[in-house]
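Please keep the sequence and the structure in view while reading.

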Amino acid sequence: MRTLGVVGGGVIGLAVAWRAAVDGWSVTLLDPAVATGASWVAGGMLAPLSEGWPGEERVLEFGAAALARWPGFAARLEAATGAGVFVADETMTVALDAADAADLRTVADWVGAGGHELRILDRAGVRALEPSLARTVRAALLAPTEPAIDNRLLVTALRRAAEAAGVVVRAEDVASLAELPYDQIVLAAGAASARLWPELPVRPVKGEILRLRQRSGAPPAPRRVVRARVHGRPVYLVPRPDGIVVGATQYEAGFDTAVTVAGVRDLIADAEAVFPGIGEYELLEASAGSRPGSPDNLPLIGRLSERIIVAAGHGRNGMLTVPLTVDAVAGLLADTPLPEAEVADPQRFSITVGGTR
Ligand SMILES: Cc1cc2nc3c(=O)[nH]c(=O)nc-3n(C[C@H](O)[C@H](O)[C@H](O)COP(=O)(O)OP(=O)(O)OC[C@H]3O[C@@H](n4cnc5c(N)ncnc54)[C@H](O)[C@@H]3O)c2cc1C
């Protein structure tokens, strides 16, 4: 049996390891702290259409192709573990002023032209679907095909599925890929991937996020993902069975994962502008993580050498793009590359490829 070493046990490494084991590889996953990176911190939106913007065709196409793979991926995970990971069926992006409303029409026209379903709602339409939102919400863009998942359920289930399929998980901080003894290696160390392959243009992009629990008597949370821009800052609410996740700040701060007072203050204020009932919720957790950012907001999935494949740089969309990433890596391991993943080829950054290391 051919051996595969997967370096990194976030959502990408766990899902790749599971798939490879199912495909017949003998898989060892190496990570000193499985599922504690960005994948544990994240929100769980799967929103490539709502986040579409003219000029970003490749990001939209890649995200839409990933979204289309989510139902099958989730069904296979549920069959393997019993875990259902979806927490919402739709995404609503709301406008608080005229400029936001104009932007929503731009997105609806541009993304809609590609055949994707998006609907503009007026004030009454928003109120009918989400009555707990602020009266100041004047319009919204509804994406009926964009669900959300619970990222923590997801990574927990992926680990269970991987181990049940035979993946051996070892608590090991890999210092050098060259010294690993496997036939093939997948580098999936998230924001830290460039530490193991310095040419990779992957950098940490800090994000802070809050987890809130609905106390008894507090107004019910929106049932859909709600996204907005408040004072120029993006904010989103992702439902959970017991409350809401409120995210997320975004800035360059190296590998800093301290939660700042300003980050928490802004997230709460911006979320309250959209959903006023939030003040009555319990603040359960404030956390921060490092998104593995890439220069063009597309991941890097491809061969670095005869033995090493990279699957990193998923930025703010690693949950969304995991099913497509898994299929792309499986294709590379089987020497049948996936056409939809060509845009993620690391060669677009002229990285030196070759050698046997
Ligand atoms: C605040 C926030 C909100 C987000 N919200 C969303 C969202 O709503 N939707 C979405 O699609 N995405 C979202 N993301 C992005 C998503 O979380 C990431 O793209 C995704 O988790 C990346 O997964 P990963 O497995 O590459 O990295 P990680 O989850 O960071 O995992 C990398 C793993 O590699 C391990 N590792 C590192 N170095 C080594 C080494 N030398 N040896 C062995 N192991 C090593 C680490 O311990 C870690 O476990 C969000 C991210 C953040 C921070």
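## Backbone features in two loops

A248 is placed in the loop between strand 13 (243-247) and helix 8 (261-274), where helices (H or I, at least four residues) and strands (E, at least two) are DSSP runs numbered from the N terminus. The peptide bond that leads from G247 to A248 is cis, with omega near -25°. As background, most residues other than glycine have a negative phi, and most peptide bonds are trans.

The model is predicted, and local features need pLDDT of at least 70, side-chain atom pairs count only at pLDDT 80 or more, and totals for chains, interfaces and linings use all residues. Residue numbers start from 1 along each chain as its sequence is written.

## Two domains

The domain assignment of the protein gives domain 1 (3-42 + 151-201 + 295-349) and domain 2 (91-144 + 204-293), with bounds that come from an automatic or database domain assignment. The C-alpha centres of domain 1 and domain 2 lie 29 Å apart. Their contact takes 12 residues from domain 1 and 10 residues from domain 2, two residues being in contact if their C-beta atoms, placed from the backbone, lie within 7 Å.

On the side of domain 1 that touches domain 2, there are five nonpolar, six polar and one charged residues. In these classes, Ala, Val, Leu, Ile, Met, Phe, Trp, Tyr, Cys and Pro count as nonpolar, Asp, Glu, Lys and Arg as charged, and the others, Gly among them, as polar.

## The shell around the ligand

The ligand is surrounded by 44 residues, of which the closest are G10, G37, G190, G207 and G318; a residue is counted as near if its C-beta atom, placed from the backbone, lies within 6 Å of the molecule. By class, the shell divides into 23 nonpolar, 17 polar and four charged residues.

At least three residues of the shell come from each of domain 1 and domain 2. Among the elements, helix 1 (11-22), helix 2 (38-41), strand 10 (203-213), strand 14 (282-293) and helix 9 (318-333) each supply at least two residues of the shell.

## Helix 1 and its neighbours

Helix 1 and helix 6 (residues 151-164) pack at an angle of about 30°, with their axes 9 Å apart; axes are lines fitted to C-alpha atoms, for helices over the stretch in contact, and angles run from 0 to 180 degrees between N-to-C directions. That angle makes helix 1 roughly parallel to helix 6, given that angles under 35 degrees count as roughly parallel, over 145 as roughly antiparallel, 65 to 115 as roughly perpendicular and the rest as oblique. Helix 1 passes helix 6 in a left-handed crossing, the term used if the near helix is turned anticlockwise from the far one by less than a right angle, with right-handed used if clockwise. The residues of helix 1 that meet helix 6 include V11, L14 and W18, and those on helix 6 include L154, V155 and R159. The contact of helix 1 with helix 6 has 11 nonpolar, no polar and one charged residues.

Against helix 9, helix 1 packs at an angle of about 40°, again with the axes 9 Å apart, which makes helix 1 oblique to helix 9. The crossing of helix 1 and helix 9 is right-handed. Among the residues that meet here are I12, V16 and R19 in helix 1 and G318, M319 and V322 in helix 9. By class, this contact of helix 1 with helix 9 has 11 nonpolar, two polar and one charged residues.
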